[in-house]
Amino acid sequence: PPDPVLGHRNPPYYPGHDRLGYRNPLVPEKCDYLAVGDSLTYGFAAKPSDSWPRKLEAISGAVTYNAGVGGYGPCEYKAVIDELKFLDPKMVVLGLYLGNDISDAFRSVHTAGRFPELKDPDRPMEGIIEPLRGANRPENNSRGVGAFVREHSSLYGVARRSLWLLQRREDDPFSGTADTDEDIAKRQQFLLFQQPARFKTWFPGPELQAKTTDLSDPKVQEGLRIAKDRLACIATELAATNVEFLVVILPTKISVYADLVARHDPDLAETVSGMLAQEKEVKELLVEFLEERGIDHIDTLEPLRACFAKDLPPFPPSDDVHPNNNGYQAIATAVAAH
């Protein structure tokens with residue numbers, strides 16, 4: 001359902017989710033680790049037990065609450081942490097995804113207009129903002145009794161979960177047929193990597209990634225400013241309550257595969273070289289900022305790349321940008337070790 005602060009949230013007792021709508025079996029009285037992030041923290045494309053927060057809990061033995069939600073960004077992360085303070089976490093672990101968190105920060109403030117206080121009066125953005133598709137349409141504001149029941153009824157949620165448990169397949173918890181190579185190839189801006197065959201996959205192309213990593217774009221510059229602001233605010237408020245803070249830097253799929261691509265497909269390596277340079281620059285600026293602020297952080301790029309040495313692809317053989325079970329395991333292991 002829509003939410004005035006977060007934009008949207010999962011309804012309570014949605015299949016596989018707790019009474020608050022987050023992806024956990026239940027809401028504990030307290031937690032050791034509060035994991036906050038977007039769909040990569042939620043664990044999209046994996047079973048609930050295979051998300052990196054759940055795997056972190058299994059490795060560490062510490063109670064871990066997964067508050068990741070697809071579509072959230074730095075502005076929403078701060079709001080989620082505020083909402084879940086009652087869990088009294090010892091540490092907040094924030095998954096910062098280089099693939100879209102910068103553009104999400106810009107969108108939340110300037111396109112969706114949900115955090116107007118974060119606008120910089122010295123940098124007007126009105127001339128370069130794209131309208132939010134579907135925003136403020138009458139049909140979005142008149143949802144009716146049926147929608148209210150779906151979003152607020154615990155009984156409806158239980159019934160829906162029961163049906164889901166009967167229909168789902170263990171090997172494909174997010175049932176649905178994966179797109180074929182032919183389907184993906186028809187889309188613009190997707191790049192195929194197919195040698196060695198066991199690591200075959202698809203990458204979003206340069207035009208898509210530039211929207212979140214090209215620092216010559218004023219929207220990306222502004223998104224980076226907002227993201228830094230939210231991270232600094234989170235760090236300050238957590239420090240005041242003696243809660244530890246760890247930022248987990250989650251790289252894009254193409255960065256994880258970069259060395260493999262360079263060895264096996266020089267033409268593709270040339271095509272994506274600009275993407276890699278853009279992401280590297282954004283990451284360096286973020287790391288510099290975190291270090292200046294004394295914010296603890298870990299980069300999961302090398303742990304994800306280490307999957308290849310074990311002959312384990314860390315991402316699925318499709319255009320899905322989310323890690324698979326191997327990738328989530330690598331992230332969780334690195335975080336637990338840190």
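The legends below describe close-up views of a predicted model.

View 1. Five strands form an open sheet in the order 4-3-5-8-9, and their pairing is parallel. Strand 4 (64-68) and strand 9 (296-299) are the edge strands; each has a single partner strand, so one side of each is left without a neighbour in the sheet. From one strand to the next the twist averages 20°.

**View 2. Strand 8 beside strand 9, with helix 10 across the sheet.** Strand 8 (residues 244-250) and strand 9 run parallel and are joined by four bridges. In one of these strands, strand 9, Ile 298 is the bridge partner of Val 248. Helix 10 lies across strand 5 and strand 8, and its direction makes an angle of about 155° with strand 8.

**View 3. The surroundings of helix 4.** Helix 4 (residues 101-111) is largely enclosed by the rest of the structure, because eight of its 11 residues are buried. The buried residues are Asp 101, Ile 102, Asp 104, Ala 105, Phe 106, Ser 108, Val 109 and His 110. They pack against helix 3 (74-83), strand 5 (91-97), helix 9 (206-213), helix 10 (218-240) and helix 12 (266-293). Just after helix 4, Gly 113 has a positive phi of about 70°.

**View 4. Helix 4 against helix 10.** These two helices pack at an angle of about 90°, and their axes are 7 Å apart. Helix 4 is therefore roughly perpendicular to helix 10. On the helix 4 side the contact is made by Ile 102, Ala 105, Phe 106, Val 109 and His 110. Helix 10 contributes Lys 219, Val 220, Glu 222, Gly 223, Leu 224, Ile 226 and Ala 227. By class, the residues of this contact divide into eight nonpolar, two polar and two charged.

**View 5. Helix 3 against helix 10.** The axes of helix 3 and helix 10 cross at roughly 20° and come within 8 Å. At that angle helix 3 is roughly parallel to helix 10, and the crossing is left-handed. The contact of helix 3 with helix 10 has nine nonpolar and four charged residues, and no polar ones.

**View 6. Helix 2 against helix 14.** Helix 2 (residues 52-60) packs on helix 14 (residues 325-337) at an angle of about 50°, with 8 Å between the axes. This makes helix 2 oblique to helix 14, and the crossing is right-handed. From helix 2, the contact uses Trp 52, Lys 55, Leu 56 and Ile 59. From helix 14, it uses Asn 325, Tyr 328, Gln 329, Ile 331, Ala 332, Thr 333, Val 335 and Ala 336. Eight residues of the contact are nonpolar, three are polar and one is charged.

**View 7. Val 5 and its contacts.** Val 5 sits in the loop between strand 1 (2-3) and strand 2 (7-8). Its relative accessibility is 40%, so Val 5 counts as partly exposed. Apart from neighbours within four places in sequence, Val 5 is in contact with Ala 79, Arg 114 and Phe 115. Val 5 and Ala 79 are 74 residues apart in sequence, and their C-alpha atoms are 7.6 Å apart in space.

Methods. Residues are numbered from 1 along each chain as its sequence is written. This is a predicted model: local features need pLDDT of at least 70, side-chain atom pairs count only at pLDDT 80 or more; totals for chains, interfaces and linings use all residues. Side-chain values use heavy atoms; hydrogens and water are left out. Axes are lines fitted to C-alpha atoms, for helices over the stretch in contact, and angles run from 0 to 180 degrees between N-to-C directions. Angles under 35 degrees count as roughly parallel, over 145 as roughly antiparallel, 65 to 115 as roughly perpendicular and the rest as oblique. A crossing is left-handed if the near helix is turned anticlockwise from the far one by less than a right angle, and right-handed if clockwise. Contact means heavy atoms within 4.5 Å. Ala, Val, Leu, Ile, Met, Phe, Trp, Tyr, Cys and Pro count as nonpolar, Asp, Glu, Lys and Arg as charged, and the others, Gly among them, as polar. Buried means under 20% relative accessible area, exposed over 50%, partly exposed in between (1.4 Å probe, protein chains only). Two strands pair if DSSP finds at least two bridges between them.
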